[in-house]
Amino acid sequence: MSLHRHRLRKTSLAIVTLSFALHGCGGSSDNAFQTTGTAGTTNTSGTTNTGTTNTPNTLSKRPNIVFIMADDLGYSDIGAFGGEIETPNLDALAAGGRLLTNHHTGTVCAITRSMLISGTDHHLVGEGTMGAPNDERRGLPGYEGYLNDRSLSVAQLLKDAGYHTYMAGKWHLGSNLADPAVSLGTTGHTPDQWGFEKSYALMGGAASNHFAHETANSKNYTENGAYVQPGQPGQPGGTGGGEFYSTNFYTQRLISYIDANKGDGKPFFAYAAYTSPHWPLQVPEPWLSQYKGKYDGGYEAIRAARIAKQKQLGIIPQDFQAYAGDVETLTSSPATANNGTGAAKYISAVHSPADGYVDYGAGRISKKWSSLTSLEKKAQARYMEIYAGMVSNLDYNIGVLVQHLKDIGEYDNTLIVFQSDNGAEGWPIAAATVDPKATDEANAADAVYATLGTDNGLQSAKRLQYGLRWAEVSATPLRQTKGHFGEGGVGTPLIVRMPGQTTAQSQYVTFTHITDLTATFLDAGQAKLPTQAAPANISTITGEDQNKGKVIYDNRYVYPVTGQSLLQVLLGNTNASVRKAPFGDESYGRGYVTSTDGKWKALWTEPPHGPLDGHWQLFDLTTDRGENNDVAGSNPSIVNGLVGDWNSYMKSVGGVEPLRPAGYY
């Protein structure tokens, strides 16, 4: 039985999902939170009381908003979601806040971040895939590889509403500096061009070294719209500039931004966009040594312990059927004969074998713990130790940030939200079709082993990641990892602590999406959203209105926020879903769609990682959120209906299915 079913027994609420239609964010924008209100409170059974007064809980004033994003953190890595990694500060935030256990993102970093900033689907705003694609979609609208000029910005809208807006950390939505002579969206892609008053940002998708030893002319970081080079003399990490470790530094930079305008009466929106625990796996002491020996028992033992803890905590019910785990593959399965040639016709979500499309690539190698040599186990255990240390360091810094809010008297009026940007990162240790044994055993050699996770003093650190099986552990109890649309790929932990909240609310188990948080922030901040429809622009080629669904903002024709505000849910006035229609998504040729009631999920993954015959899988989420049992064969009409919904979704956002579906690794 799934988490969904377990909670639905108690709430009798249907689970509904993201709308394909372009709706603005919902919810009241002029309320004030009064924790003494009695209407819509949630009792211990998880049901919603109607209350004895007509006065809803509201916000007493516009809150500060602190949004904390981890990078590639898995669903179960933190303590509050069942992990063994020590995260006391996040656990405390959960104990005085609320867990949203059915939260969803995009499959990868940039896609999720584009939806956070814009509040709408990533295909509309330039990140149809992460970065500009290298296939036939390159140059198409929506595939620019940066946040395009058809996007709104949550930061700009909050700034318009009177907020200070700050950011520190990973941007990943374009890196060109603004040219005053050129319009937005052509050259100006950095955070300062999107409403952030102050920002220190990593432009790309990963730090080459978390300790930052940039060259004098590097363009990997910006501060307030100018390139900076941490590690150079006089700059952070350089001579006279103090130490630099990404998570520590971003925390202190964000605090300095907050303090610069402290006491001026304006609320602030602070985006802590951490790059931890994204590879390269590195962390300073004492975290580097904190988990020595903790993971010597291997993948299966840690995963079983997490499942047991999740049941103990009530994250999943006692009868939850966790994903059984990927089948062991000791050798790579072969590609079809035409793979990689001009004659190849690849199976895709829109091209089936029945139409003559039969080709696909080679499979991955993925070994269980018992199949590893002692040296492989030594290296693999160390990878996870370092990863866990990064998560604990991240938690420590979140504690520093929260404590600072308390020290300056802003904690009680701050909405704090924590999540990961996508599921756990399963990038293989070696190439996906190559046995990682040689790499692991080389890393287990004493001289190399002693350096793992440390700073090598160079611009690029050793490329160290923890691989497919540890990512599967991080995704517990869900299926698949980053880059995929299984629940483990797009399901992430979400913790929300409302202003003035001191005790935990019951878990919210209904589907939520990253765009809903955008809408929630704008709702809480009483931001005014553009509503004037853009004038028609009929294409002479297609005859379609290229401005359909757009609104006018700042002399641009932009897509409105389509996420749905969760403010009334978070205030305790309702437990109902904010969703009224199916939800679909696509990236890398992979796709999924859920039914309006949240019961059914159709999922497409290219072979050999998905079914070899290329069919759409079907899962009943009310009984199988672990996605163990594909029931497509016995429910063809349901599959056909959902695939029709997915095709409608793709048309509505201008999505283009690639001729060759393939993940980012």
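**Met130.** I looked up the contacts of Met130 first, counting heavy atoms within 4.5 Å as contact. Leaving aside neighbours within four places in sequence, Met130 is in contact with Val108, Cys109, Ala110, Ile111, His172, Tyr588 and Tyr664. This is a predicted model, in which local features need pLDDT of at least 70 and side-chain atom pairs count only at pLDDT 80 or more, while totals for chains, interfaces and linings use all residues. Residues are numbered from 1 along each chain as its sequence is written, and side-chain values use heavy atoms, with hydrogens and water left out.

I placed Met130 in the loop between helix 3 (109-118) and helix 4 (154-160); helices (H or I, at least four residues) and strands (E, at least two) are DSSP runs, numbered from the N terminus. Met130 is partly exposed, at a relative accessible area of 22%. My scale is buried under 20% relative accessible area, exposed over 50%, and partly exposed in between, with a 1.4 Å probe and protein chains only. I also checked Met130 against Leu288: they are 158 residues apart in sequence, and their C-alpha atoms lie 31 Å apart in space.

**Salt bridges.** I counted a salt bridge where a side-chain nitrogen of Lys or Arg is within 4 Å of a carboxyl oxygen of Asp or Glu. By this rule there are 24 salt bridges.

I noted Glu144 with Arg150, whose closest N and O atoms are 2.8 Å apart. Glu144 is partly exposed at 22%, whereas Arg150 is buried at 17%.

Next I took Glu425 with Lys482, where the closest N and O atoms are 3.2 Å apart. This pair links distant parts of the chain, 57 residues apart: Glu425 is in the loop between strand 9 (414-420) and helix 8 (437-444), and Lys482 is in the loop between helix 10 (467-474) and helix 11 (487-490). Glu425 is buried at 5% relative accessible area, and Lys482 is buried at 1%.

**Glu84.** I located Glu84 in the loop between strand 1 (64-70) and helix 2 (88-95). A polar contact of 2.8 Å joins its side chain to that of Arg306; a polar contact is a pair of N or O atoms within 3.5 Å, where within protein one must be able to donate a hydrogen and the other to accept it, and residues adjacent in sequence count only if both atoms are side-chain atoms. Beyond four places in sequence, Glu84 is in contact with Lys294, Tyr295, Ile302, Arg306 and Met384.

I traced an open sheet of three strands in the order 10-3-12, with mixed pairing. Its edge strands are strand 10 (491-492) and strand 12 (512-513), each pairing on one side only. Strands pair if DSSP finds at least two bridges between them. Strand 3 (residues 103-104) and strand 12 run parallel and are joined by two bridges. The bridge partner of His103 in strand 12 is Thr512.
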